[in-house]
Protein chains: 2
Amino acid sequence: MLAPWRSPLAHALHRNRSLVHARYLQLATVRPDGRPANRTVVFRGFLEPTNQLKITTDTRSEKATQIALCPWGEICWYFPKTREQLRLLGRLTLVDAHHPDTALTKARQIQWHDSSDASRVQFEWATPGQPRDPADPFSPPAPDPDDPLPNFCLVLFDPIQVDHLELRGEPQTRSRYTLDEQDTWQVESVNP
Amino acid sequence: MLAPWRSPLAHALHRNRSLVHARYLQLATVRPDGRPANRTVVFRGFLEPTNQLKITTDTRSEKATQIALCPWGEICWYFPKTREQLRLLGRLTLVDAHHPDTALTKARQIQWHDSSDASRVQFEWATPGQPRDPADPFSPPAPDPDDPLPNFCLVLFDPIQVDHLELRGEPQTRSRYTLDEQDTWQVESVNP
């Protein structure tokens with residue numbers, strides 16, 4: 001069943017669709033030493049029919065290591081055109097080739113297949129964040145669209161709380177959606 | 001002395017100056033329970049002549065509580081026009097009226113004075129994140145520009161590591177700036 005925050009999110013995505021970067025969001029995680037980390041990632045849609053957001057990452061990236069140790073994240077998503085922000089607190093799942101759930105490894109395969117060549121080729125690049133070899137042209141051949149590289153990882157983000165702030169309007173509007181113990185979403189209006 | 005990452009940041013701000021939201025950044029912190037938090041805040045310039053970024057917050061907000069317990073944050077700053085991202089890892093300092101450093105309380109006072117009426121009045125609003133009283137019109141009188149409200153807090157962010165990723169170009173470019181033990185910034189080119 002669609003969570004009630006899916007509707008304002010769909011509206012925001014629609015009304016900001018002219019901006020490529022409206023599909024970029026900031027994902028915060030926690031480093032092994034307890035300090036926070038934060039980076040921009042691309043929203044790849046939902047794992048239908050669930051309310052889990054899909055992103056992708058490289059198993060060699062720091063965020064994969066962070067998520068394996070602490071599976072919690074908070075997404076901050078700002079929509080410039082409509083001046084609204086969604087903050088989603090949730091749990092992260094890493095889906096690599098060895099994930100025991102075959103429905104998820106299948107979803108990973110589809111995600112790889114549906115990616116662009118430009119996205120896929122990045123997984124052939126040298127290890128992210130390592131000192132760069134100036135002789136490396138970063139131009140490996142395009143990988144096979146039917147055979148995900150082993151370091152390609154689908155990441156699922158399962159929200160348990162969503163905070164929706166609309167800066168437009170006098171006064172501003174802010175709603176909080178919380179998943180209760182019966183797995184039902186509760187909504188309340190809170191002070192901006 | 002200006003840190004070497006100030007120059008690419010100044011360029012990014014300049015080249016994206018037509019976008020109001022180029023001055024909005026996402027600040028990740030850690031909650032008391034160890035889960036991450038993430039929200040959009042407005043960049044208020046540097047505390048000159050230092051390399052500390054200024055933001056403001058309400059002492060009643062969750063982030064003030066989080067920073068008091070864990071002073072580390074990571075800023076993620078995406079510039080849409082030039083397609084570049086800066087990630088800044090650093091230490092946060094809360095400056096309220098009772099801060100022992102009088103130069104900082106003075107800076108807080110100036111920040112309050114230089115804020116717009118619209119910014120200042122938010123500190124008169126009901127406690128952020130609490131259930132909203134539908135009868136509250138959120139229209140208190142404008143506070144005195146010369147007398148900061150007690151819940152007005154200047155926040156300083158002091159970077160120790162900056163990661164600059166430029167998505168434009170084939171291949172992408174990524175540089176990492178790190179403050180070493182001699183308090184000197186080291187720069188290296190790393191894999192995107």
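R120(A) has a relative accessibility of 5%, so it counts as buried (under 20% relative accessible area, with exposed being over 50% and partly exposed in between, using a 1.4 Å probe and protein chains only). Its partner is D117(A): the two side chains meet in a salt bridge, 2.8 Å from N to O. Here a salt bridge is a side-chain nitrogen of Lys or Arg within 4 Å of a carboxyl oxygen of Asp or Glu. D117(A) is partly exposed, at 46% relative accessibility.

Why are D117(A) and R120(A) separated by about one helical turn? Because they sit three residues apart in helix α4 (residues 117–121) of chain A. Helices here are DSSP runs of H or I with at least four residues, strands are runs of E with at least two, and both are numbered from the N terminus.

## What kind of model this is

This is a predicted model, where local features need pLDDT of at least 70 and side-chain atom pairs count only at pLDDT 80 or more, while totals for chains, interfaces and linings use all residues. Residues are numbered from 1 along each chain as its sequence is written, chains are lettered from A and ligands numbered from 1 in the order in which they are written, and side-chain values use heavy atoms, leaving out hydrogens and water.

## Other charged pairs

Side chains of opposite charge can pair when their charged atoms come close. Over all chains, the whole structure has 18 salt bridges. One of these joins D58(A) to R60(A), with the closest N and O atoms 2.9 Å apart. D58(A) is buried at 8% relative accessible area, whereas R60(A) is partly exposed at 29%.

Between chain A and chain B the count is two salt bridges. E74(A) pairs with R31(B), and their closest N and O atoms are 2.6 Å apart. This pair crosses between chains, running from strand β4 of chain A to the loop between β1 (24–30) and β2 (36–42) of chain B. Both E74(A) and R31(B) are buried. There's also a network of salt bridges that links R31(A), E62(A), E74(B) and R87(B).

## How the two chains meet

The same surface serves both copies, as 100% of the contact residues of chain A recur in chain B.

How many residues are in contact? 49 of chain A touch 49 of chain B, contact meaning heavy atoms within 4.5 Å. Together the chains bury about 4,100 Å², 52% of it on carbon and sulfur atoms; buried area is the accessible area (1.4 Å probe) that two parts lose on being put together, summed over both. N38(A), R132(A) and N191(A) supply 17% of the area that chain A buries against chain B, more than any other three residues.

## A buried glutamine

Q172(A) lies in the loop between β6 (152–166) and β7 of chain A. Is this residue buried or exposed? At 11% relative accessibility, Q172(A) counts as buried. Leaving aside neighbours within four places in sequence, Q172(A) has contacts in both chains, including L165(A), P192(A), W125(B) and R132(B).
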